[in-house]
Every structure is written in C-alpha cells, then in structure tokens.
Amino acid sequence: MFLNIAVVAAVVAVAFLLLWPRVAAARVWRATTTPLASIIGSGFLVLGPLLGASYGIWAIAVMALLNAVAWCFGAAIRQSIADPRPSPRLDQVASVVLAFAYVVSVAYYLNLFGAFGVSLTPFDTPLAARGVTTAVYLLILVVGWTKGFSALERMEQVSVGVKLAIIAGLLVGLALAFAGSVRTGALIVNPPTLTAWSAITLAFGLIVTVQGFETSRFLGDSYSPAMRIRSMKLAQAVAAAIYMVYIVLLVPLFPASDYIISETAIIDLMAEVAPVLPLLLVAAALAAQFSAAVADTSGSGGLLKEVSRDRITPRMGYALLVAAGVVMTWTLDVFQIIAYASRAFALYYTIQALIAARTSWGRGRRPRALGWAALAGLGALIVALGRAAEGG
C-alpha cells in the first residue's frame, strides 16, 4: 500500500510541476519537448528487461555506452545546426534515409502500441496486438489524409508530461524497492547471457531506443540555432539521466529467470514492485507511442514531398508509410523492427557524421574532422552488424 501511495504521489507531483505555467510556457522547455518525446518512448520500457536478460549486471555499462554514442551522434548534428555548410548530395541522401527511418520507426512505435494496448486484457495475443496496430495505422491514415495532423500533434506536449510523470512514479517505486533490497541484502548480480560478438551486435541493434534527438534540427521555423542546440543537449541529458537511473535500479532487483525478452515484460516485473504500476505504464506507453507515431508520420510525409520535389504529396507519403508499416506488422516481430529501425537511424547518423567531417575539414579543423570520420565508421558498423534480440 505504501509503495502504491508513493508512486501515485510522485506521478501527481511531477504532473503538477510540468503543468505549472512557468514551466509549460518556458521557451526552452517547449523546444526540448519534441526531441525528448522521441527519445523517451516505450523503447524505454522494452529496454530494461531486454538489457537485464541479455547483459545481467553489465546492462548498466551497456546503457552508458548507448547514451555516449547517442551524445556523439547528437554532437555531429549540433555542428550542422551551428555551422550549416551545404552538402547537397549528402543532404539529399540523408533526407531519403531519414524518411525511410521514419517509416520503420512508426512501425516500431505502433507495434509496441498494439502490444501494450492488449497486455492487460483477456485478448493478450500477437494476433490481437497486430490487429490493434493495423487499426491505429488506418486511423492515422484517415486523419492525415482528410484533416492533417495539426490536431493530433497538439497532444505532444501533454503526452510528454504524462509520460514523464509516470516515469517519475516508476523510478520512485524502483528506488523504494531497491532500498528495501539493500536493507535485506537481497540485491542480485546476474551474469550476462550474451558475451563477446553477440553482445556487441545486439547493442548495435538497440541504438533506436535512444534515438530522437535529431528532431531538434528540424525546428528551424520556430527556434534559433542556439535554442535548438541547447534544447537538444537538455533533451539528451535528461533522457540519459532517466535511462541510467532506471537501469541501475532495475537490473539488481530481479533474478535472471524473471527477465523475459518480450515487448511487455516490464509489466510483469513492475507488478512485483507496486500493483498500481502496470496500469500506469500501459497508459504511458499508449500516450508515448501514439504521439511519436503521429510526429514521425507527419515528418516522413514532409520529407518524401521534399526529396521527390513535390512528386509525392504528403497524403501519398502517408499512404506509402501505412502500407509499408502494415506489411512489417504482419511479417516481422517487434524486436526485428527495432533492429531495422536502429540500422536506418544509424545510417542517417553516419551521413550526418560525414557531413560534420567534411565541414570541419573545410574549416581547417583536421583533428576534429578525423574524429567525425571515426564516428561515421562506427555508424557504418552499426548499420552492417546490428541485430535483433530473440524474443521469447
């Protein structure tokens, strides 16, 4: 009972803080909302059990490395914001790659939406989850085709606030459970189940779970370069802090046998911490995935229009995205989609690192250019070698 009360109190307190006009209306917070919404999605919920099952106590180090790699790729994009030097061919390729990455990421978001949507119902089956995902795809297509996304996109800041408030409740629940285990000496140090090459390639396949910071680059109509850079740094710092606290508190709490690689494994784990958490996590997952899917659908439609030089209208782009997404929904599992999305975004980040290298070289900053080139090499390895987790 105490844990339930503490969790709900944390959710309410953080929700009030984020709804406080001085916070909600702050320009830097509004600029931070978009990248933060993309970074902290339901991938956050999938990642904990997946890392715990695969890496044991080493999950903490893997999470730190994922955040560090994301920060470095973010730095490449921040350089492009601060020092925009035209690279027409690379920019065109990057836009095409990002449009494709959005298509895959929407499939990732909505398949998680379907899985969490049926998780607490009597219809918790892969078939029912795919049916829900398909229905939401059709809803997004109808709305985008007939009215555009402006109405749905207004949900973004609200959904981010709801999501962060629920995550605060989750972290409070984990912290209290962790403290209890410390007092009783019940913390668990699980060994990894993956080692060497398998561990590396799986980590490469998880970069999408810390992706989303690149959206700051496309806010130029609303914010100055300095504000976009500041908001991206803030979004990445907040997300990294949340991810690290989450993993540090989670992985020593449960024996290896409790970690199951499935889309909704976190629900069963959190039911052991506080009975109120599963319902809250499902609410957070649904809000997060729907808003992120809407944002990326809209972004993909705009990019397809741009790269096709108006030959593909946003409406046609939405239809192509939905068709591709429905095919992926019925032919791939969520972890395969996560791996494909990771590769797609890694390719985009590789191109951005190459652009940063080219810009630095042209400015005579040779050591920095070599650093960006090395980062591009890492991105290429992620594209080539990232693999999916094997769900159970």
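# A helical chain, residue by residue

Student: Leaving aside neighbours within four places in sequence, which residues is Ser54 in contact with?

Tutor: Ser54 is in contact with Pro192, Thr193, Leu194, Leu202 and Ile261, once its neighbours within four places in sequence are set aside, where contact means heavy atoms within 4.5 Å. This is a predicted model, in which local features need pLDDT of at least 70 and side-chain atom pairs count only at pLDDT 80 or more, while totals for chains, interfaces and linings use all residues. Residues are numbered from 1 along each chain as its sequence is written, and side-chain values use heavy atoms, with hydrogens and water left out.

Student: Where is Ser54 found, and is Ser54 buried or exposed?

Tutor: Ser54 is found in helix 4, residues 43-55, and its relative accessible area of 2% makes it buried. Buried means under 20% relative accessible area, exposed means over 50%, and partly exposed lies in between, with a 1.4 Å probe and protein chains only. Helices are DSSP runs of H or I with at least four residues, strands are E runs of at least two, and both are numbered from the N terminus.

Student: How many helices and strands does the chain have?

Tutor: There are 16 helices and zero strands in the chain. Its radius of gyration is 20 Å, close to the 21 Å that the globule rule gives for 392 residues, so the chain is as compact as a globular protein of that length. The radius is taken over C-alpha atoms, and the rule is 2.2 Å times the number of residues to the power 0.38.

Student: What share of the residues is buried, and what share of the contacts with a separation of 6 or more comes from residues 24 or more positions apart?

Tutor: Buried residues make up 53% of the 392, and residues 24 or more positions apart account for 86% of those contacts. Along its principal axes, the C-alpha trace spans about 60 × 50 × 45 Å.

Student: Changing topic, what does Ser95 touch, not counting residues up to four places away in sequence?

Tutor: Ser95, which lies in helix 6, touches Leu303, Glu306 and Val307 on that count, and at 13% relative accessibility Ser95 counts as buried. Leu90 is also placed in helix 6, but Leu90 is partly exposed, at 23% relative accessible area, and touches Ile351, Ile355 and Arg358, again without residues up to four places away in sequence.

Student: And what about the phi of Ala196?

Tutor: Ala196 has a phi near 50 degrees, a positive value in a residue other than glycine. Most residues other than glycine have a negative phi. Ala196 lies in helix 10, residues 196-204, and counts as exposed, at 59% relative accessibility.

Student: What volume does the second largest pocket have, and which residues are closest to its centre?

Tutor: The second largest pocket has a volume of about 460 Å³, and of its 23 lining residues the closest to the centre are Ala115, Asp124, Pro126, Glu263 and Thr264. A pocket is an open set of points on a 1 Å grid over the protein atoms alone where a 1.4 Å probe fits, with protein on both sides within 12 Å along at least five of seven lines, and lining residues have an atom within 4 Å of a point. Points are joined across faces, edges and corners, and the volume is the space filled by probe spheres set on them.

Student: Which helix gives the most to that lining?

Tutor: Helix 7 does, with four residues, and helix 6 (88-118), helix 7 (126-146), helix 12 (265-273) and helix 15 (334-362) each supply at least two.
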